[in-house]
Amino acid sequence: MTDKFISIEGIARRYPGASGGTTTVFENLWLSMARGEFGCVIGHSGCGKTTVLNILAGLDEPSEGAVIVDGQAIEGTSLDRAVIFQSHALLPWRTVLGNVAYAVSSKWRKWDRARVKAHAQKFIDLVGLTGSEHKRPSELSGGMKQRVGIARALSITPKIMLMDEPFSALDALTRGTLQDEVRRICLETGQTAFMITHDVDEAIYLADKIFLMTNGPGAVLAEIVENPLPKDRGRIDLHRHPYYYALRNHIIDFLVTRSKSFTADVTNHDPRNVPTVRPGLTEPTIVSSPRAIETSPVQTIAR
Ligand SMILES: Nc1ncnc2c1ncn2[C@@H]1O[C@H](COP(=O)(O)OP(=O)(O)OP(=O)(O)O)[C@@H](O)[C@H]1O
Ligand SMILES: [Mg+2]
């Protein structure tokens, strides 16, 4: 049985259209992830990636369908699901320590100040910000602000870390360093993560699974790509792996052609049976004979 730690079950998102009709961003979207997995979503602008992430975060609601996390239907935001946005979204009047401590004390309301501070400090150290605890966001670089965001997200030991293009506004060097840190932390802690990116190499480096979405409106999850590179891959020598170009080309080909042409093929597409492929030295192998995702038994509503 697949471990469906995250299960997106037939969700749709519709908005009122300009001329009185309805615009469907996507519908009947099914996707599941196992505990400890790192999933990246790739697709062109406007296909609905942020909408999916916001629904997972509880910041938005699907027009249809449900999202189950760890056996519970989600409704509204929760400290079980931490979000790291492209913009850091820090409280400007609080220090680094204050920002992280605020999240910690929101999660563990009965903890005294010393315990909150010690816990927050542990995560500030983890992201390499030791010595900057008492700086305010205005005194930090973009990369440092994102580090605070990561420390804040991890400090509440979320069930899922949700990231919406978290490094896209950073310079290449800082982006690389933060990718290394996120990867190290996720591997060490078994953190489940769901990330949106436009950076194919970022997805190849970080993700176990890459979800390919077609163009919107009416976007669909076309394919799940299993990363064939070894778990102990390094960012610097990623391109030396014999499967690297097969994987990269597969994703680029999708973005350049199949993400657009897929609509023509959509009648043969079963959203509950999206194929998982594993690019290799020859043609991509289909690793899972598509199997319908079963609806999860739901226990309680998590808030
Ligand atoms: N409040 C809203 N009202 C109407 N349409 C909306 C609203 N919010 C989002 N949309 C539409 O939903 C679609 C998907 O938006 P979304 O932000 O999820 O895209 P995205 O894939 O994250 O794009 P990008 O890569 O540019 O961030 C877009 O066409 C957008 O215009
Ligand atoms: Mg977006």
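Student: What lies 2.5 Å from an oxygen atom of ligand 1?
Tutor: An N or O atom in the side chain of Thr 51. That is a polar contact, meaning a pair of N or O atoms within 3.5 Å; within protein, one must be able to donate a hydrogen and the other to accept it, and residues adjacent in sequence count only if both atoms are side-chain atoms. Gly 48 uses a polar backbone atom, 3.0 Å from an oxygen of ligand 1.

Student: How much of ligand 1 does the protein bury?
Tutor: 55% of the 640 Å² that ligand 1 exposes when taken alone. Areas come from the Shrake-Rupley method with a 1.4 Å probe; for residues, only the protein chains shown count as cover.

Student: Before we go on, what should I know about the model and its numbering?
Tutor: This is a predicted model: local features need pLDDT of at least 70, side-chain atom pairs count only at pLDDT 80 or more, and totals for chains, interfaces and linings use all residues. Residues are numbered from 1 along each chain as its sequence is written, chains are lettered from A and ligands numbered from 1 in the order in which they are written, and side-chain values use heavy atoms, with hydrogens and water left out.

Student: Which residues are around ligand 1?
Tutor: Among them are Tyr 15, Val 25, Glu 165 and His 198. Around means a heavy atom within 4 Å.

Student: Which element gives the largest share of that shell?
Tutor: Helix H1, residues 49-57, with 3 residues. Helices (H or I, at least four residues) and strands (E, at least two) are DSSP runs, numbered from the N terminus.

Student: Is H1 mostly covered or uncovered?
Tutor: Mostly covered, with 8 of its 9 residues buried. Buried means under 20% relative accessible area, exposed over 50%, partly exposed in between (1.4 Å probe, protein chains only). Lys 49 and Thr 51 are among the buried ones.

Student: What follows H1?
Tutor: Gly 58, with a positive phi near 85°.

Student: What share of the chain is buried?
Tutor: 51% of the 303 residues.
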